[in-house]
Amino acid sequence: MDMATAPATHCSFGIRIHSHAASSSCFPNRLDCSSSSHFPLHLELSTISIFPRSSSPLKGSMDRVCARPDIDDFYWEKVSTPILDTIENPICLKNLSLKELKQLAGELRLELSSIMSSTQISLSASIAAVELTIAMHHVFHAPVDKILWDVGEQTYAHKILTGRRSLMYTMRQKNGISGFTSRFESEYDAFGAGHGCNSISAGLGMAVARDMKGRRERIVTVISNLTTMAGQVYEAMSNAGYLDSNLVVVLNDSRHSLLPKVDEGPKTSINALSSTLSKLQSSKSFRRFREAAKGVTKRIGRGMHEWAAKVDEYARGLIGPLGSTLFDELGLYYIGPVDGNNIEDLVCVLQEVASLDSMGPVLVHVITDDNQGVENNKRSDMTDGQEDDSIKSNFLHYDVQQRTYGDCFVETLVSEAEKDKDIVVVNAGTMMEPSLELFRDKFPDRFFDVGMAEQHAVTFASGLSCGGLKPFCVIPSSFLQRAYDQVVHDVDQQKIPVRFVITSAGLVGSDGPLQCGAFDITFMSCLPNMIVMAPSDEIELVHMVATAIHVNDRPICFRYPRGALVGRDQTICDGVPIEIGEGRVLVEGKDVALLGYGSMVQNCLKAHTLLAKLGIEVTVADARFCKPLDIKLLRQLCKHHSFLISVEEGSIGGFGSHVAQFIALDGLLDGSIKWRPIVLPDSYIEHASPNEQLQQAGLTGHHIAATTLSLLGRTREALQFMCS
């Protein structure tokens, strides 16, 4: 696209520049700005358009975005941010001096702290990455250059700098912006992030597509030290080294280890020497000298070339931190460590990396500090003793005073583990449920947190079981998807008794579709040897833990949702194993039977209460098991009722499909019974509160009651329930 015809973008300090270009080489190092050295304190921001109307950063939500949030929309504590107020999009960073970039970092950190104190969402990971974010947008030319992130919690500064500042207070709310990067939200979000470990793979694909199309844009991927525990990261690095496409990988190392040991050595340090060496490694002259030396040794002979390569590896191992040669072995040119909170060093290194036309894959190791700026920021609620709040941020959206299903599960498992020394726990995923700390503290030698290594977790648990232990493999529903091959081949086919505890099942509120546990019922219940069950309340959860402990001939799983318990006043006693495949009837009625699975049993009971007020008595049954089904219970419900409604918080193909399969093959559908399933809709439900999501999904007690009334021919009353 020719620059003369490209759509223009206006920066608030009087620059008219083109925001779309054919390649990064079209961008000057310094824009010709008549007022780049100072910033007006009073700006008429209401007339500034960041994007053309046809490419709004949040489709359908707004046509114009202001740099400063609208005071009328929410409470705004006034803080002087003169430079940040002028940043409409990343192009406006191009004219800033290093001094101004440093000031912008301070203002951006204040902004994030204000958002954190107002929304109760942890932004510590983004606060630590402020300088890195600014440096990348200052050097590279998004959205032409593609910047991909692995972890959503690190992207909030990126969101502010890319035109979404006024929307930050709507983050994770209904009709607000996502807590992760989203291609549907902004052209600056090159790829969706959230589960981690995908940015290098996606970035490499974009790089190869760029090369095949003859384009020249830069591809930058940002990974964290926590996502480096996932195998996909190394698979992608190995492939990147083989393909040798130009790709920049930034390792944002917050120096958090999964299970820090008391006797571990000193962490990677940043000093003047390491800073100088990093700049030398990234410089054009050094890279050209290194390539020339490679060429000379190749001409001399293979033996000389191999000897020189070993010398080069040894020398780089001496100046680099421990483990740095691993990246060289994978084919990535290692640069670092670089002080991730030093704007000058970051800009210098990234500019050198960006200036190389043919460099192959490069890894820039950046060390950031999670406590950067916290001590002097009175508005921050963080304390010096906090430990990687970003990992636990997803659990902050629920009332911490209420007991959760996770609390009940761990307390029960601790009680059982005190009686059975063979019980062990394997935890996987990007985060560990806070409730699991109780088991870890009580039995540190029987608790294994493998981080974002779900595939390893499943096979590791299988090995533990083969060794005579009773492993409980705790993985969130959406993260278990990554380990499905291991579930099939390493557990189910071999009938190894691994006990899967599927957390965050169903809708997950503010985490939206990215971590929604919609599919586990479907993909676990289709396995021939798997027992699949779900508790309807905390009492049932206790019994299912006991049931899982006593199953030693095949795998078994149970799921539970996020959020508070049902809240009964009953005292939770010791668990009693449930007979496999046995459901129960909670309320007996006539005409209509509601067969609930898992947490949806409670909504069936709510529907029963609503219908009872209309004089309609329905039966409510708790299936307990999706596989094997309680065949006797199903036949009884079909025999004594005219209508059967199955209800689950899962996708099409789950519990309702198993019910339909049985009653069809058993000939029950040939009689008078009419069956209707209520499942999650065949679409992704965006972030909102849990109640709002249930309303949108049609899984509330009112929706179940409306379905019942519709079957009974009482359409007007059904519509009233739907609208209430």
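Predicted model: local features only at pLDDT ≥ 70, side-chain atom pairs only at ≥ 80, totals over all residues.

Biologist: What is the distance between the end C-alpha atoms of helix H13, and what span should its 15 residues give?

Modeller: H13 runs over residues 405-419, and at 1.5 Å a residue that should span 21 Å. The model agrees with this, with its end C-alpha atoms 22 Å apart.

Biologist: Which helices do the buried residues of H13 pack against?

Modeller: The buried set in H13 includes Tyr-405, Phe-409, Leu-413 and Ala-417. The buried residues pack against strands S8, S10, S11 and S13. The helices they pack against are H14 and H19.

Biologist: Arg-210 and Asp-211 meet in a salt bridge, so is Arg-210 buried or exposed, at what relative accessible area?

Modeller: Their side chains come to 3.0 Å, N to O. Asp-211 counts as partly exposed, because its relative accessibility is 40%. Buried means under 20%, so Arg-210 is buried, at 3%.

Biologist: How many residues apart are Arg-562 and Asp-511?

Modeller: Their closest N and O atoms are 2.8 Å apart, in a salt bridge. Arg-562 sits in the loop between S13 and S14, while Asp-511 is in the loop between S11 and H18. Both are buried. The pair links distant parts of the chain, 51 residues apart.

Definitions and conventions
Residues numbered from 1 in each chain as written. Heavy atoms only, no water. Helix = DSSP H or I, 4+ residues; strand = E, 2+ residues; numbered from the N terminus. Expected span 1.5 Å × (residues − 1). Buried < 20%, exposed > 50% of the residue type's maximum accessible area, 1.4 Å probe, protein only. Contact = heavy atoms within 4.5 Å. Salt bridge = Lys/Arg side-chain N within 4 Å of Asp/Glu carboxyl O.
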